[in-house]
Amino acid sequence: MSWIRGIQCRARSWQTARREWMAEHDSWKAEHERFVAAAKAARKAGKAPAVDHPGPPPTGFALLPWLLMGMGSFSNLLQGKTPNPLIGGLGLALFNSLYVYVTFRSFDRKKREAVSTRVALLLMGLLTTGLALGYGGNWLMFFPLLGLAVGAALRGPWLGRTGVLLAAYAAAISGVRGDWSDASNIGYATFLSSMVTAAILGLSEAVRELRAAREELARRAVEKERMRFSRDLHDLLGHTLSVIVVKSEAARRLAPRDMDAALGQIADIESVGRQALTEIREAVTGYREGSLATELTRARSALSAASIEPRVRQSGVPLAPQTEALLGWVVREAVTNVVRHSDASRCEITVESGAEQARLTVTDNGTGKPVSRPEPGIGGTGLKGLTERLAAAGGSLTAGPSPRGGFTVTAELPVESAELTHVVATAPRAH
């Protein structure tokens with residue numbers, strides 16, 4: 001019989017939809033278990049859960065119960081009150097299949113906007129019109145179901161106009177086929193079902209997109225902080241270990257002929273090591289601010305220990321702490337590279353500051369070869385990290401061979417810029 005075939009068709013459609021829903025449900029179940037574990041841990045610590053409840057995944061199953069609105073027409077088929085029951089049964093089965101197809105595709109943006117979904121909606125409209133004109137009565141209730149499918153599948157500025165036109169069309173068909181007193185009820189129900197469905201599903205989708213965006217921002221913040229700490233740790237240890245190696249070599253060379261000088265180098269190594277421990281503790285706790293004067297003093301000591309003549313010149317107006325902090329990082333990295341890579345005998349460090357811009361130049365007379373590239377997987381280290389940091393502060397960093405030989409690093413920074421304050425604030429600071 002036709003109504004049996006209709007039930008079988010509906011059952012197959014639901015089985016297909018259920019398989020799609022199970023795939024999404026497994027993902028939600030894993031996220032739900034993560035929330036439960038976080039909530040238990042938070043309760044033990046006496047705090048609120050740090051993870052929001054994900055909520056069940058939105059699927060077409062939420063819209064399936066509305067198919068009960070078509071039970072009146074189904075009852076007419078069973079009782080033999082419908083002329084041509086074969087056509088009515090096939091129409092009922094086809095409408096239900098199209099409804100399930102459209103509603104389940106409505107929860108995926110790409111599928112919702114696909115041509116096939118629009119074609120399915122058009123077929124639903126034609127089928128609803130034919131059933132309403134052919135049978136009337138309870139079959140007019142397919143118009144609110146059509147409005148619900150339209151509200152689920154259509155979003156954006158055209159939804160309101162579509163809802164109004166569909167409601168007027170449903171009222172007109174209902175008036176022609178049935179009683180004009182019921183036409184307003186069918187039209188209102190059609191408009192209400194489309195608008196309410198679109199509003200609820202749109203709000204649910206917006207909430208989930210905002211939640212996903214928040215998680216992405218949190219992930220990027222963690223990644224940014226990880227890179228900042230990696231960069232700072234490289235700048236700290238790279239310079240300090242280079243100074244220790246250079247002074248250790250100097251102590252080894254001096255020990256056979258001048259023990260007092262060798263002991264002086266060893267004392268410097270101890271001092272540098274103790275200072276490095278202090279800086280690392282401050283960096284780990286997130287509080288550290290560089291000082292240009294301190295870095296220039298350390299640069300003189302490191303260069304002298306490496307048998308490189310230091311020449312330091314500083315002129316201009318006093319610099320703000322934020323500007324000094326960033327220029328201090330540049331001095332540290334540039335001098336480390338001179339000691340480790342340049343084979344130079346002289347290094348000049350020039351600091352010029354004006355009312356609007358500060359300029360730092362570190363030049364050596366070495367081979368002029370670029371410093372070795374950072375290893376793959378270690379981003380934001382050395383000159384690359386400093387270039388990114390100065391660019392974020394509105395400045396620039398250039399490095400390359402000098403026309404007269406050697407290698408030159410030049411840093412330029414605006415004085416007292418808002419961006420500069422923000423960039424330095426991301427580095428660890430001292431109390």
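Predicted model: local features only at pLDDT ≥ 70, side-chain atom pairs only at ≥ 80, totals over all residues.

Student: Okay, what aromatic pair does Phe 143 form, and with what geometry?

Tutor: Phe 143 pairs with Tyr 169. The centres are 6.2 Å apart and the planes are at 75 degrees, so the pair is edge-to-face, the cut-off for that being over 60.

Student: Which helices do those two lie in?

Tutor: Phe 143 is in helix H6 (residues 142–153) and Tyr 169 is in helix H7 (residues 158–177), so the pair ties together parts 26 residues apart in sequence.

Student: And Tyr 169, what does it count as?

Tutor: Tyr 169 counts as partly exposed, at 37% relative accessibility.

Student: How many aromatic pairs does the structure hold?

Tutor: It holds 4 aromatic pairs. There is also an aromatic cluster made of Phe 95, Tyr 135, Trp 139 and Phe 142.

Student: Switching to charges: how many salt bridges does the count come to?

Tutor: The count comes to 13 salt bridges. One of them joins Arg 109 and Glu 205, with the closest N and O atoms 3.0 Å apart.

Student: Where do Arg 109 and Glu 205 sit in the chain?

Tutor: Arg 109 is in helix H4 (residues 109–112) and Glu 205 is in helix H8 (residues 180–254), so that pair links distant parts of the chain, 96 residues apart. Arg 109 is partly exposed at 41%, and Glu 205 is partly exposed at 22%.

Student: Which residues are linked in a network of salt bridges?

Tutor: That network links Glu 309, Arg 311, Arg 313, Arg 346 and Glu 348. Within it, Glu 348 bridges to Arg 313 with the closest N and O atoms 4.0 Å apart. Glu 348 belongs to strand S2 (residues 346–353) and Arg 313 to strand S1 (residues 309–316), so this pair ties together parts 35 residues apart in sequence. Glu 348 also forms a salt bridge with Arg 346, at 3.6 Å between the closest N and O atoms.

Student: Last topic, helix H11. What span should it have, and how far apart are its ends?

Tutor: H11 covers residues 321–342, and at 1.5 Å a residue its 22 residues should span 32 Å; the end C-alpha atoms are 30 Å apart, which agrees.

Student: Is H11 mostly covered or uncovered?

Tutor: Mostly covered, with 18 of its 22 residues buried. After H11 comes Asp 343, which has a positive phi near 55 degrees.

Terms used
Residues numbered from 1 in each chain as written. Heavy atoms only, no water. Helix = DSSP H or I, 4+ residues; strand = E, 2+ residues; numbered from the N terminus. Expected span 1.5 Å × (residues − 1). Buried < 20%, exposed > 50% of the residue type's maximum accessible area, 1.4 Å probe, protein only. Phe/Tyr/Trp six-rings, centres within 6.5 Å; stacked < 30°, edge-to-face > 60°. Salt bridge = Lys/Arg side-chain N within 4 Å of Asp/Glu carboxyl O.
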